Structures are given as C-alpha cells and as structure tokens.
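Trainee: I would like to go through this model with you step by step, beginning with the sheet and then turning to some residues in it.

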Amino acid sequence: MTKKRRERPDLTRPVAVWRSRDLLDGEAAGSLTMILRTRGCRWRRCAICGYPSEGALASAEDLTVQFRAATRDLSSEDRVVKIYTSGSFLDPEEVPESVRAHIIDALAASGVEKLVFESRPEYITRELVEASVAKIRTEVAIGLETSSDLVRDHSIRKGFTFADYREAAEAVRSGGGSVKTYLLLKPPFLSEASAIADALRSARDAAPHSDVISLNLTNIQRGTPLERMWLVGDYQPPWLWSAVEVLKGVSSLPIISDPVAAGTRRGPRNCGRCDDAVAKAIREHALTQDPGVFEDLSCSCLAAWEKVLELEDLAFGSLLRSDSRGL
C-alpha cells in the first residue's frame with residue numbers, strides 16, 4: 001500500500017481567522033481572532049495538546065504575510081484582536097522580534113483598542129510587555145490550567161510551577177498589561193467532582209494575579225496521550241453541567257468560557273438533548289457575566305450528572321457510564 005503523502009501547509013495563510021464577540025470593559029465588543037502558523041510551541045510535551053502538529057517552519061516573511069492576510073478586512077468593529085500561534089507569541093524563535101513589532105505597530109495604527117496574545121511564563125518579561133503596552137492596550141494569556149503543581153506536572157505535563165506563573169503575571173502587570181489566566185476543566189486522572197473542586201480552587205488561587213479567568217473545557221485532540229486514554233475508555237470529557245457549576249461559583253473577577261466542540265464525542269457534553277442550550281448559555285455568560293442565564297436550564301440528565309458527582313469518587317477511579325449521556 002502506498003503511503004499517502006502529507007500535504008505541505010500553506011505558509012502564506014493563517015491556520016484560521018474568525019470574528020466573534022469578546023468582553024471589553026464589561027461590555028460585548030467585536031473581536032477578530034487569528035491563528036498564525038508558526039513553528040509551534042517549543043515545549044511540545046503537554047498531554048492534552050495536539051497543536052504541535054499544526055506547526056511548520058514559517059519564516060519572518062511568512063508570518064508577516066499571514067498577518068496581512070488575516071487583517072485584510074479589519075474594520076472599526078474589530079475593537080479586540082486576538083493572536084494565537086499554537087505556542088507563545090513572545091517566544092523569539094516562534095515569532096521573531098521584528099514580526100512582533102510589525103504586528104503591534106500595525107494594529108495600533110489601525111485603531112484596534114486591545115491586543116490579546118498567549119505566552120508560556122518563561123518568555124514573559126516586563127520589558128516585552130511594556131514595549132507592547134506603549135503602542136496598544138495588551139492582555140497576556142497564560143495557560144496555568146490548575147493551581148495544583150501536582151496536577152499540572154503529572155496530569156498535564158506543563159513544565160512550570162505556580163510560582164513561575166505568579167512571577168510572569170507580576171511581570172505583565174508591572175509592565176502595564178492585564179492577565180488572562182487559562183484554567184482547564186477536568187485534566188486527566190481527575191473525577192468529575194474533583195475536577196470541579198480543582199477549577200474552583202484554582203480560580204480562587206489565580207484571582208489575585210488575574211484580570212480575567214478563561215475556563216477551558218477539555219476536548220480530545222488528535223495524536224495526544226489524552227486521546228489514547230479516551231480511545232480505551234479511561235477518560236471522558238467533562239459534562240457541560242460541570243462548567244456551569246464552576247462559572248456560577250466564581251464571582252470575584254470575570255470568568256469566561258467558550259465550550260469548544262460542545263456536544264460532540266470528543267468535546268464536553270451532557271445528554272445530547274440539552275447540549276446546545278447549555279453551551280449557548282455558557283457563551284452568553286461570557287459576554288454578560290450574568291449567572292441568571294443558567295437559571296432556566298433543566299434536563300433529565302441533570303440527575304445523572306449529580307449521581308456521577310456523588311458516586312464516581314467511590315468507584316476508585318473507574319468511570320461511571322450513563323445511558324442518558326450516550327456513553
């Protein structure tokens with residue numbers, strides 16, 4: 001059998017570009033999001049992340065062309081621009097300093113009010129943040145995932161500590177930027193109830209160092225250790241009800257969530273009948289910060305979820321399966 005040749009990625013176009021609404025100064029605002037195809041994250045060891053497979057040896061010129069393609073139709077309604085690279089925007093090997101400076105200058109000149117980008121802690125310095133903030137309001141997103149060093153190291157394999165995160169967050173704030181902290185709902189090896197408790201505790205621990213929390217619901221990405229666990233039945237993505245529980249439990253600072261792949265086999269879900277309604281409420285909460293959007297949500301699978309929370313920890317790590325969830 002002839003092995004199918006993998007197509008070379010187009011380095012002149014970003015991985016994806018889309019428009020949505022984002023929270024800006026407590027109100028919903030238009031935002032443009034782009035994913036640039038860089039060489040990817042240098043760490044490449046996280047158990048949950050399949051993004052390294054999207055990487056390619058993009059040059060500084062390639063990245064500049066991708067950015068120009070992504071912003072070709074930039075309008076005055078795009079008050080927020082979010083740039084993702086499947087790695088760290090501040091890593092000079094991934095995004096050369098000349099490209100980063102060009103992007104910041106171009107967005108500032110276009111009238112964009114806020115730039116959001118991601119970085120691992122080891123690349124964040126006060127000087128880099130100050131250089132960005134001098135041109136445009138800047139928010140740095142850091143993938144803390146959990147405040148537990150044990151869970152982050154052994155379940156997710158992120159390769160840094162809570163102290164590293166805290167130091168990076170201080171560098172962002174001292175440089176005049178704001179901090180978005182990513183938390184992960186249901187890392188591998190945590191039961192549903194433990195995952196909720198971990199997310200709530202992590203939100204409390206991260207709050208003093210954050211301006212906004214982003215709750216990311218685990219989904220199964222291809223080619224990852226997590227996918228291998230899922231394929232043999234040793235892991236299931238979180239219930240959407242669990243996300244609602246966490247979002248309702250955090251009130252000390254804004255908390256947002258976009259349930260990627262909600263309702264699919266690889267994504268967070270309930271029973272199938274209520275998935276769309278619950279996911280819609282979660283997205284509405286991200287823009288309004290009003291927990292009242294969850295008040296009218298109801299489904300027969302809510303009782304199954306509550307039973308999972310009650311019994312799963314008593315099953316010594318075995319997953320409880322529920323026909324109401326379609327597992």
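Mentor: We begin with an open sheet of eight strands, in the order β1-β2-β3-β4-β5-β6-β7-β8 and with mixed pairing. Because β1 (16-24) and β8 (255-256) stand at the edges with a single partner strand each, one side of each has no neighbour in the sheet. Strands are DSSP runs (E, at least two residues) numbered from the N terminus, and two strands pair if DSSP finds at least two bridges between them. This is a predicted model, in which local features need pLDDT of at least 70 and side-chain atom pairs count only at pLDDT 80 or more, while totals for chains, interfaces and linings use all residues. Residues are numbered from 1 along each chain as its sequence is written, and side-chain values use heavy atoms, leaving out hydrogens and water.

Trainee: Which residue stands opposite L183 in β7?

Mentor: Strand β6 (residues 178-185) and strand β7 (residues 212-217) pair in the parallel sense over six bridges. In β7, the residue opposite L183 is L215.

Trainee: Is Y182 buried or exposed?

Mentor: Y182 is found in strand β6. Buried means under 20% relative accessible area, and exposed over 50%, with partly exposed in between (1.4 Å probe, protein chains only). Since its relative accessible area is 9%, Y182 is buried.

Trainee: What is the length of the polar contact that joins the side chains of E118 and Y182?

Mentor: E118 lies in strand β4 (residues 114-118). A polar contact is a pair of N or O atoms within 3.5 Å; within protein, one must be able to donate a hydrogen and the other to accept it, and residues adjacent in sequence count only if both atoms are side-chain atoms. For the side chains of E118 and Y182, the value is 2.7 Å.

Methods. Helix = DSSP H or I, 4+ residues; strand = E, 2+ residues; numbered from the N terminus.
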